[in-house]
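Hi everyone, thanks for coming.

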Amino acid sequence: MRSKLFLVLLCGLAISGGVYGSNATSIARRAQAADLHVNYRGTKTACVCLNGTTVSSVMKIVHMKPDMTRKEYFSPAALAGIIFIQCGPDAWMYSPRDHAWEQARSACRAYSQYDRDDAFDNYEVQLVGTGMVAGREAYVIRAAPKRPGESLHRVWVDKQCYLMLRTQVETIGGTVLSSSKFTSIAVEPRDISPTIFAVSCKAIPVPAPPRVDFSLRKPFYLPKGYKMVGLAEVTVNAHYCAHLQFSNGVNTISLFERRCDVQTVAPRMPDKLTTVMTWARDGLLFTLVGDISRVELKKIADSVK
Amino acid sequence: MKCKRASELISDYLDGRLAEPARQEFESHLADCSYCASEVEAARELLASLSSLSGRRSPVDCWSGVRAAISAHQRAATPWWHWVVRPVVAAPAAAVAVALAVFLMWPSGNVPMASDKASEYSYYIGAHSHLQRQQTFADPDVVFVGAELQKASLVASTEE
């Protein structure tokens with residue numbers, strides 16, 4: 001009798017866990033697409049850890065569904081005055097440093113196989129509770145990596161409109177690496193004007209990039225869970241450049257390749273850039289960018305053939 | 001006769017050692033040149049005053065003392081920059097200064113290289129952040145802020 005009761009309890013826990021898990025996945029999926037269905041205006045704080053120092057940025061966001069967004073940055077000093085406007089497929093950024101609007105650099109995307117389900121294959125996604133953010137009720141979702149070396153994510157998703165109201169990225173040990181939070185938000189305000197998503201003066205357009213004219217090298221090693229999800233062709237400082245894109249659904253790695261005059265330079269990390277590794281081989285310059293360990297970056301670099 | 005040559009002959013003229021026709025030529029120059037005439041008069045007065053002095057002999061080591069005193073006086077009286085403008089010092093110094101100026105102003109390969117590198121890394125960081133912003137659970141604002149701060153730090157390090 002006791003063993004039967006235990007079995008029932010176990011089944012109940014498994015079912016409820018499954019329901020919670022599927023709920024969490026469903027909520028996370030809806031959160032990814034929330035911008036398509038809601039208008040909002042709010043003030044947000046984003047904190048990032050850079051070279052051991054936590055820097056916080058305050059911004060004002062106005063969004064009009066499905067794809068128009070305006071963001072104005074007030075702090076820190078390095079970002080104050082930047083205005084970012086997304087209007088459909090076009091994006092523009094005002095730089096107070098240059099006193100000019102510049103079109104966000106366009107890339108010729110050769111192919112893209114980005115699949116949002118990769119995140120749910122590589123992370124254990126759970127609904128761990130509810131909470132309040134900026135006066136609104138939210139689900140709390142926890143996404144823990146199934147493999148070591150990746151970060152743990154927590155997101156607070158609005159119960160009504162599924163907007164991500166708060167996020168937190170942590171190490172497995174609990175150290176917070178970055179976070180963001182709406183400090184105030186108005187959902188479906190009636191006074192958003194479409195005119196605020198127009199660039200107010202002549203902006204500098206970016207020409208379409210040319211085709212890459214050399215054979216690409218690929219890494220034979222990638223950390224588990226990552227796969228190639230895209231390839232883009234761009235121009236960087238007048239060089240034709242290929243951008244190979246890898247993802248595990250949540251975190252990404254980029255490999256940039258272009259011709260260079262130098263034949264061979266061993267992999268190294270440039271000053272102040274802990275997520276970048278660069279090297280030259282066979283007259284090509286490679287730059288690897290990824291928020292993963294230095295050891296993993298080096299293993300990928302060594303495997304590029 | 002020109003003044004320069006006349007000034008060289010003043011001593012011989014006053015000593016009566018200037019021969020013809022140089023003496024005649026010298027005197028005709030003095031008649032036309034008040035400056036040289038005044039120089040000759042000054043030298044003549046100096047000689048007269050010297051000849052009026054007694055014929056006492058100087059002590060044996062008097063001259064070395066006088067010479068030391070004159071040297072000391074010259075060192076004290078000469079401004080420091082006279083050393084700088086002396087040809088033996090000024091010519092090499094000017095050459096070194098010109099070489100230094102050319103070295104400093106010549107467009108060095110390293111400076112634009114550093115700037116280009118920073119701009120290239122900035123681009124890569126921006127493109128990578130664009131990719132990262134599309135991922136599940138990623139907050140595009142956090143990713144954007146992180147990338148822009150990294151780029152700002154690169155620009156600042158280039159300008160240092």
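Let's start with chain B: of its 160 residues, 26% count as buried, where buried means under 20% relative accessible area, exposed over 50% and partly exposed in between, with a 1.4 Å probe and protein chains only. Before going on, a word on the ground rules: this is a predicted model, where local features need pLDDT of at least 70, side-chain atom pairs count only at pLDDT 80 or more, and totals for chains, interfaces and linings use all residues. Residues are numbered from 1 along each chain as its sequence is written, chains are lettered from A and ligands numbered from 1 in the order in which they are written, and side-chain values use heavy atoms, leaving out hydrogens and water.

So what is chain B built from? It has eight helices and zero strands; helices here are DSSP runs of H or I with at least four residues, strands are E runs of at least two, and both are numbered from the N terminus. The accessible surface of chain B comes to about 11,000 Å², and 63% of that belongs to carbon and sulfur atoms; the areas come from the Shrake-Rupley method with a 1.4 Å probe, and for residues only the protein chains shown count as cover. Taking contacts in chain B between residues at least 6 apart in sequence, 49% join residues at least 24 apart, with contact meaning heavy atoms within 4.5 Å.

The axes of H1(B), residues 3-15, and H2(B), residues 22-32, come within 10 Å and cross at roughly 115 degrees. Those axes are lines fitted to C-alpha atoms over the stretch in contact, and angles run from 0 to 180 degrees between N-to-C directions. On the H1(B) side the contact includes Leu9(B), Ile10(B) and Tyr13(B), and on the H2(B) side it includes Phe26(B) and Leu30(B). In the loop between these two helices sits Pro21(B), and a cis peptide bond, with omega about 0 degrees, joins Glu20(B) to Pro21(B).

Chain A has a cis bond to show you as well: Lys65(A) and Pro66(A) are joined with omega about 5 degrees. Pro66(A) lies in the loop between strands E2 (53-64) and E3 (68-75) of chain A. Most peptide bonds are trans, and most residues other than glycine have a negative phi.

That brings me to Phe137(B), whose phi is positive, near 70 degrees. Where is Phe137(B) found? It is in the loop between helix H7 (110-133) and helix H8 (140-159) of chain B. At 3% relative accessibility, Phe137(B) counts as buried. Asp282(A) also has a positive phi, about 55 degrees, and lies in the loop between strands E17 (276-281) and E18 (284-290) of chain A.

Phe137(B) is also one of the residues that touch the most other members of the largest nonpolar core, which has 44 residues; Tyr73(A) and Val157(A) are among the others. Such a core is a set of buried Ala, Val, Leu, Ile, Met, Phe, Trp, Tyr and Cys residues joined through side-chain atoms within 4.5 Å.

Last stop: Phe144(B), in helix H8 of chain B. Phe144(B) is buried, with a relative accessible area of 6%. Setting aside residues up to four places away in sequence, Phe144(B) touches Tyr73(A), Ile82(A), Phe84(A), Met93(A) and Arg133(B). Thanks, and I'm happy to chat.
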